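Visitor: I have a model open and a few things to ask about it. Can we go through them one at a time?
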Amino acid sequence: MPDAVVIGAGPNGLVAANLLADAGWSVEVLEEQPEPGGAVRSDRGVHPDYVSDLFSAFYPLAAASPVLAGLRLHEEGLAWSHAPSVLAHPLPDGRCAVLERRGQETAAGLEAFAGGDGDAWLELHDIWERLGPDILGALFTPFPPVRSAARIAARLRAAGGLRLARTLLLPARRLGEEEFRGEAGRLLLAGNALHADLSPESAGSGGFGWLMSMLGQSHGFPVPVGGAGALSAALVRRLERRGGVLRCGERVQEIVVRGGRAVGVRTAAGEAVAASRAVLADVSAPALYGHLVDARHLPGRLLRDLERFQWDFATFKVDWALSGPVPWSAPEAGRAGTVHLADGVDGLTRFAAQIAMGQVPDRPFLLFGQMTTADASRSPAGTESAWAYTHIPHRIKGDAGEEGLSGLWDRREQEVMADRMEAEVERWAPGFRSTIRSRRLLAPVTLEALDANLHGGAINNGTTAMHQQLVFRPTPGTGRPETPVPGLFLASAAAHPGGGVHGAPGANAARAALRVRSPSDLLSRAQRALERRDRKGGRTGGSGS
């Protein structure tokens, strides 16, 4: 019987399992899919000569994560690679906003758009240099992050206090307008905010856009050499070297609760897998509390709150094997690993508004990845392994385009959506379609079939909006990995701090489990106490005889 059973071999589940194994626990990880990795996987499914990442691809949060740094995955063969430029956002007039690897170079590019914008960028970066380590500390530790929060509060007072706090709570549109005279800086903030489901008008989207921009400035948007799967493979190798067991193709159907405590799981095949100390679940909150744990073991308030749980936007993704570089009208875009495609901040607002109204956007905002530009091992020299994804509503009420997309996502609708995305790329890179050797379509239903945590193609395990963060994640009054069932811990991005590949939810769950003494631990302590008392009594009796 293992000490712990971990449900799900995504990055959070694997991080949790590694930390438990480091503490001397025996660990068994059960994964539904035939291979580990969750949303951090790669394959050659588009073309045999091209490596394609199925889901996530660029990892600024992984590069900044003290959790992953502490695992020393380079010792397991993991290496990182960077594109020459971090991010680009071309404009219709041929100019291009670029986030460069070096802050001074980013500032110089922004200065060309409007005098003073370079200094404004460096001032925002200076704030990051002062607050960034403690912000990351607050993100990557269990809620409430007392020490990091205290240091942030002290530095906020020194840096302007309430005024700076206000700045970080601004919508991305307003923050961009206050900080920059030109369009480039505004685009970098607003485009990065839409890596989550935060429109340019959402409260806090400015702070999130600033966070992602500064992570890109300080850490880049790195990629694992050889494909996203190299990160998962390193986590698996590390776990197995420490005695951990990984079993793929094993779907957990039920968490077994006995005597008011989680004591193991039951698989879809009917196998009971007991856990002597803890069960850690790298699954969505609705899956955990709505399916895996019987409702009779859960408070009614939690179940009612779960009815209000909000997913982040659905996602549609296309992978391409290209015969050559993307023929961007703005040449600067060809040096960036990530390219944002939208008609300015207004285009981003229009896109987000269409999603809010339940419409499939007619001109989708695209996040476009140039993987060979970031890592030359991904495809033959002179070619490009590329992808793009966009967001769509979960419940589709209509199509802002003319093709009548309904959300059925049969083959016709998938082809129409992919063609719409390619037409958008073609606007910024005339001749793009002539470079396509093959493509793969990943509709919302496909993404969920490949990873059950990607419900309807939602990639962040719940909205990033303020009403479902911190103490409100995944429901009000939670925010920590502990659950109402003793011995059961939420180890997925449904818990604080949420989405992104950084390992924090898994680490928080593992540390919470390590702090709790199981019934067997308490029994062992009681037995040792009795033995000590007996020994002491024996010595006393002997001396008086």
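This is a predicted model: local features need pLDDT of at least 70, side-chain atom pairs count only at pLDDT 80 or more; totals for chains, interfaces and linings use all residues.

Visitor: Start with helices H8 and H9. At what angle do they pack?
Guide: H8 (residues 172-179) and H9 (residues 183-193) pack at about 160 degrees, and their axes are 9 Å apart. Angles over 145 degrees count as roughly antiparallel, so H8 is roughly antiparallel to H9.

Visitor: Is the crossing left-handed or right-handed?
Guide: The crossing of H8 and H9 is right-handed.

Visitor: Which residues make the contact?
Guide: H8 contributes Ala172, Leu175, Gly176 and Glu177, while Arg186, Leu189, Ala190 and Ala193 come from H9. By class, that contact has 5 nonpolar, 1 polar and 2 charged residues.

Visitor: Switching to serine 284. Where is it?
Guide: Serine 284 lies in the loop between strand E13 (278-281) and helix H12 (285-292).

Visitor: Buried or exposed?
Guide: Serine 284 counts as buried because its relative accessibility is 4%, and the cut-off for buried is under 20%.

Visitor: What does its side chain reach?
Guide: The serine 284 side chain reaches the backbone nitrogen of alanine 287 at 3.1 Å.

Visitor: Which side chain does it have a polar contact with?
Guide: The side chain of aspartate 43, at 2.8 Å from that of arginine 440. Asp43 is also among the residues arginine 440 touches, along with Lys317 and Asp319.

Definitions and conventions. Residues are numbered from 1 along each chain as its sequence is written. Side-chain values use heavy atoms; hydrogens and water are left out. Helices (H or I, at least four residues) and strands (E, at least two) are DSSP runs, numbered from the N terminus. Buried means under 20% relative accessible area, exposed over 50%, partly exposed in between (1.4 Å probe, protein chains only). A polar contact is a pair of N or O atoms within 3.5 Å; within protein, one must be able to donate a hydrogen and the other to accept it, and residues adjacent in sequence count only if both atoms are side-chain atoms. Axes are lines fitted to C-alpha atoms, for helices over the stretch in contact, and angles run from 0 to 180 degrees between N-to-C directions. Angles under 35 degrees count as roughly parallel, over 145 as roughly antiparallel, 65 to 115 as roughly perpendicular and the rest as oblique. A crossing is left-handed if the near helix is turned anticlockwise from the far one by less than a right angle, and right-handed if clockwise. Contact means heavy atoms within 4.5 Å. Ala, Val, Leu, Ile, Met, Phe, Trp, Tyr, Cys and Pro count as nonpolar, Asp, Glu, Lys and Arg as charged, and the others, Gly among them, as polar. Lists of a residue's contacts leave out its neighbours within four places in sequence.
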